[in-house]
Amino acid sequence: MTYAVGGMATHWTGVTPRHHPTVERAGCIPAADWEEFYGQAEMLLGTRTDLSADSVGHQTVLDALSREYSDLPEPYGVQHLPLAAQRRTDNPRLVRWSGADTILGPLADGSHERGEFSLREQHLCRRLQPAAGGTRIEYAEIEDHTRWRNIRVEAETYIIACGAVLTPQLLYASGVRPDALGRYLTEQPVAFAQTVLPSDPGTAPEQDPDPNVWIPVSEGRPWHCQIHRDLPYDDVEPHRGIDSSSVVDLRWFGLVDPRPENRLLFSDTTRDIFGMPQPEFEFSLSSNDLARQWSMMVDLRRATRALGGHLPASPPRFVVPAPPLHVTGTVRMGTDADTSVVDPDARVWGIDNLYLGGNGLIPTGSASNPTLTSVAMALRAARGILSHTHRSIDNGHRLLSTG
């Protein structure tokens, strides 16, 4: 869990693919809306596919896998990996990754000219207080850890986006406990291997950009494939006598079916380091999930063979759960209040002024990185919130200060 503005953007590879329209996307959002808000999310994150276009190593991987997977239909063949990053103009060998700072811009440092945005560091939201009847949130209890004081925040609208674990934790601590809270948890099993690209000092420049190659999810292949360089997993041993710049990671991300028995629970007696209900996890793979993962493993071995084989110290294998950090479903979106936490507008069922955001809203099994999809869902929700707020003001309601 990350206690930081930006959440996933503080620890990520910047990979921002769109979810497959039939295998991964939620049907409760219309197809036209997906198209519109995916486009907006890509602009906001600065998604592009040409960061490694001039890389010799990238082209080597792209060519080898394109030959191996020539049977894949368009647009699901081997291609450039979409990344949320820009090459720096002062030194094109370096990349500036998108994050909370690039998205918020002047809002992040308090220089917004109208002064309508306040970013409070070292503040912990401990509880939301429902009003009588429970259909609205009356105020939020905030701890200011810079001055050790308690603050009562009153607002017309509340948006909670604390990640797939801390968002349901806050709701649970607030007594907001719909049946689906914490349930339908999904995470992506990962198969991993490493290979070495053939080196030719005469063709590759000294500072050759890393390869970033992608094989998207498609029907019949419910796994997302990344071929790139990233921090290795904990069980990867150092490769003695091998130039680390020639080592390439192959990460295949799998899909699991959302099931209510896979869930996040919170203790009524044990507290975490911040005094909030301690989270616990119950998670297992179904027989269908396992069958998909073994098919994914066969495919990973196919890819490693096409690239010349795997490193002896890093063969194709499944990694322990959790490294992807792609937990979803714990506050899932849906059209049925019995099996979801928020409606298609991201509003908590039965509470008029409480909205949620983040990966926890994704209600489907998915293999692709979730960040772009979560941003698209948040942008769609924001449009609805603004529309609702404007209607409230027109009807004589007043927005209260959150100072």
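User: What sits over the ring of Y139, and what makes that count as a charge over a ring?

Analyst: In this predicted model, the charged end of R152 sits over the ring of Y139, 3.9 Å from its centre. The distance cut-off is within 6 Å of the ring centre, so 3.9 Å meets it. R177 likewise lies over the face of Y172, at 3.6 Å from the ring centre.

User: Where does R152 stand in the sheet?

Analyst: R152 is in β7, opposite E141. Strand β6 (residues 137–144) pairs with β7 in the antiparallel sense over 5 bridges. Pairing requires at least two bridges, so β6 and β7 qualify.

User: Why are β5 and β7 at the edges?

Analyst: The order in this open sheet of 3 strands is β5-β6-β7. β5 (123–130) and β7 (149–153) each have a single partner strand, so one side of each is left without a neighbour in the sheet.

User: Why is the pair of Y172 and F266 called tilted?

Analyst: The planes are 35° apart and the centres 5.5 Å. Stacked needs under 30 degrees and edge-to-face over 60, so 35° falls to tilted. Y172 lies in helix α4 and F266 in strand β13, so the pair ties together parts that are 94 residues apart in sequence. Both Y172 and F266 are buried.

User: What makes the pair of W294 and F318 edge-to-face?

Analyst: Their planes stand at 90°, which is over 60 degrees, and their centres are 5.2 Å apart, within 6.5 Å, so the pair is edge-to-face.

Terms used:
Residues are numbered from 1 along each chain as its sequence is written. This is a predicted model: local features need pLDDT of at least 70, side-chain atom pairs count only at pLDDT 80 or more; totals for chains, interfaces and linings use all residues. Side-chain values use heavy atoms; hydrogens and water are left out. Helices (H or I, at least four residues) and strands (E, at least two) are DSSP runs, numbered from the N terminus. Rings of Phe, Tyr and Trp (its six-membered ring) pair if their centres lie within 6.5 Å; planes under 30 degrees apart count as stacked, over 60 as edge-to-face and the rest as tilted. Buried means under 20% relative accessible area, exposed over 50%, partly exposed in between (1.4 Å probe, protein chains only). A charge sits over a ring if NZ of Lys or CZ of Arg is within 6 Å of the ring centre and within 35 degrees of the ring normal.
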